[in-house]
Amino acid sequence: MTAQIIDGKNFAARIRGRVADHVARLRDERGVTPGLAVVLVGDDPASQVYVRSKGKMTKECGMESFEYRLPETTSEAELLALIAKLNADGAVHGILVQLPLPAQIDAELVINSIDPSKDVDGFHVSNVGRLATGQRSMVPCTPLGCLLMLREHCGSLSGLNAVVLGRSNIVGKPMAQLLLSESCTVTIAHSRTRDLQDVARRADILVAAVGRPEMVTGDYLKAGATVIDVGINRVERDGKNRLVGDCHFESCASVAGAITPVPGGVGPMTIACLLANTVTAYCRAHDLPEPEGLTA
Ligand SMILES: NC(=O)C1=CN([C@@H]2O[C@H](COP(=O)(O)OP(=O)(O)OC[C@H]3O[C@@H](n4cnc5c(N)ncnc54)[C@H](OP(=O)(O)O)[C@@H]3O)[C@@H](O)[C@H]2O)C=CC1
Ligand SMILES: Nc1nc(=O)c2c([nH]1)NC[C@@H]1CN(c3ccc(C(=O)N[C@@H](CCC(=O)O)C(=O)O)cc3)C=[N+]21
């Protein structure tokens, strides 16, 4: 079998188009513009690439982008003061603090200091609790992007066996919550899971978020499974820097029914969902109808 490729790059472009339409309507009908603030502490090169790309796409969708680049030595108090300022700023509707943060800063404290209604990453404990209890919440961008691709590709997910590899707060756990809300039978596997291949092979839907380059090979898969590869791993191949996923693409594609590529899969969807969340946050803050099909 040769898998269908789920084109995240193309899907993300369509989502950004819908975000842009909604933003244009807000401008024409109400004379307002949603704004997204992105905060980067330190100078990790990969993070700088993402932040630049987020800023560019925010503007392309017609929204305001506010970028804050703080030095690696920034104190926790300084970062908390900036967040307090952004919480109070009426032109800012979404706040994202790029992770990871330098060691002197308590990331949990910082995330929980963001106004939950502006928490477009969905990492605030109140959004996590609301997602887990089925209340309206801001949903983390990466799992939301994965869900939108799965819905588009599979239609109803009800009753399917979903296996999530990885249990992080930013990907694995919220992904599992979303799949549970879609009435999948959900298994969360991690580094202590026994017989991982056997567990993975039961999946109709496999989401790989382990951060291990090409760990998942074709023999982890049931024939025809839908595979979402969240991994973004930089490796050196033939003297060149390459980006690979957590799945070994060729061997997986020969067993799976459908698979997302890396690059061009989950990554672009993550950024598109960040922009969608910013518009959603704006609309909720102003009691306006939310954009359709861009929320969980
Ligand atoms: N495309 C995108 O937009 C994004 C991509 N990513 C990428 O997704 C991947 C995962 O990210 P993140 O969740 O932050 O990573 P973390 O390192 O926080 O979590 C990794 C998870 O994988 C599990 N794990 C590690 N090794 C194995 C193994 N050998 N077998 C089974 N499980 C294992 C860990 O288990 P345990 O808990 O037991 O340690 C942990 O739960 C990374 O490649 C990251 O770069 C992340 C965010 C966004
Ligand atoms: N608070 C916070 N929120 C995040 O959502 C967040 C974060 N911190 N820290 C880092 C991770 C990682 N992440 C990615 C976003 C886009 C691509 C992406 O667009 N990738 C392109 C390739 C980009 C390239 O070539 O490097 C692709 O897969 O096609 C990847 C990874 C968001 N993260």
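## Close-up views of a predicted model

View 1. An unreviewed UniProt entry puts "domain: Tetrahydrofolate dehydrogenase/cyclohydrolase NAD(P)-binding" at residues 140-284. Positions from UniProt follow the numbering used here, with feature names shortened, and such annotations may be inferred rather than shown by experiment. Over residues 140-284 the chain is 37% helix and 21% strand, and the end C-alpha atoms sit 16 Å apart. Helices (H or I, at least four residues) and strands (E, at least two) are DSSP runs, numbered from the N terminus. This is a predicted model, in which local features need pLDDT of at least 70 and side-chain atom pairs count only at pLDDT 80 or more, while totals for chains, interfaces and linings use all residues. Residues are numbered from 1 along each chain as its sequence is written, with chains lettered from A and ligands numbered from 1 in the order in which they are written.

View 2. β5 (residues 161-165) pairs with β7 in the parallel sense over four bridges, and V163 stands opposite L206. β7 also pairs with β8 (residues 226-229), again parallel and over four bridges; there V207 faces I228. Two strands count as paired if DSSP finds at least two bridges between them.

**View 3. The hairpin of β9 and β10.** β9 (residues 233-237) and β10 (residues 240-244) run antiparallel, joined by five bridges. R237 stands opposite K240. Two residues lie between the strands, and D238 takes a positive phi near 50°.

View 4. Three strands line up in the order β3-β2-β4, with parallel pairing. β3 (64-70) and β4 (94-97) are at the edges with a single partner strand each, so one side of each has no neighbour in the sheet. On average, neighbouring strands are turned by 15° against each other, direction ignored. Seven bridges join β2 (residues 35-41) to β3, and L40 sits opposite R69. Helix α3 (residues 76-88) lies across β2, β3 and β4, running at about 180° to β2. Axes are lines fitted to C-alpha atoms, for helices over the stretch in contact (C-beta atoms, placed from the backbone, within 7 Å), and angles run from 0 to 180 degrees between N-to-C directions.

**View 5. Around ligand 1.** 27 residues surround ligand 1, the closest being G166, S168, S191, G211 and T270; a residue is near if its C-beta atom, placed from the backbone, lies within 6 Å. The shell holds 11 nonpolar, 12 polar and four charged residues. Ala, Val, Leu, Ile, Met, Phe, Trp, Tyr, Cys and Pro count as nonpolar, Asp, Glu, Lys and Arg as charged, and the others, Gly among them, as polar. α10 supplies the largest share, three residues.

**View 6. Around ligand 2.** Ligand 2 has 18 residues around it, with Q98, L99, P263, G267 and T270 the closest. Elements giving two or more residues to this shell are α2 (45-60), β4, α6 (141-154) and α10 (266-285). α10 gives the most, four residues. By type, the shell around ligand 2 has 12 nonpolar residues, five polar and one charged.

Conventions
Contact = placed C-beta atoms within 7 Å.
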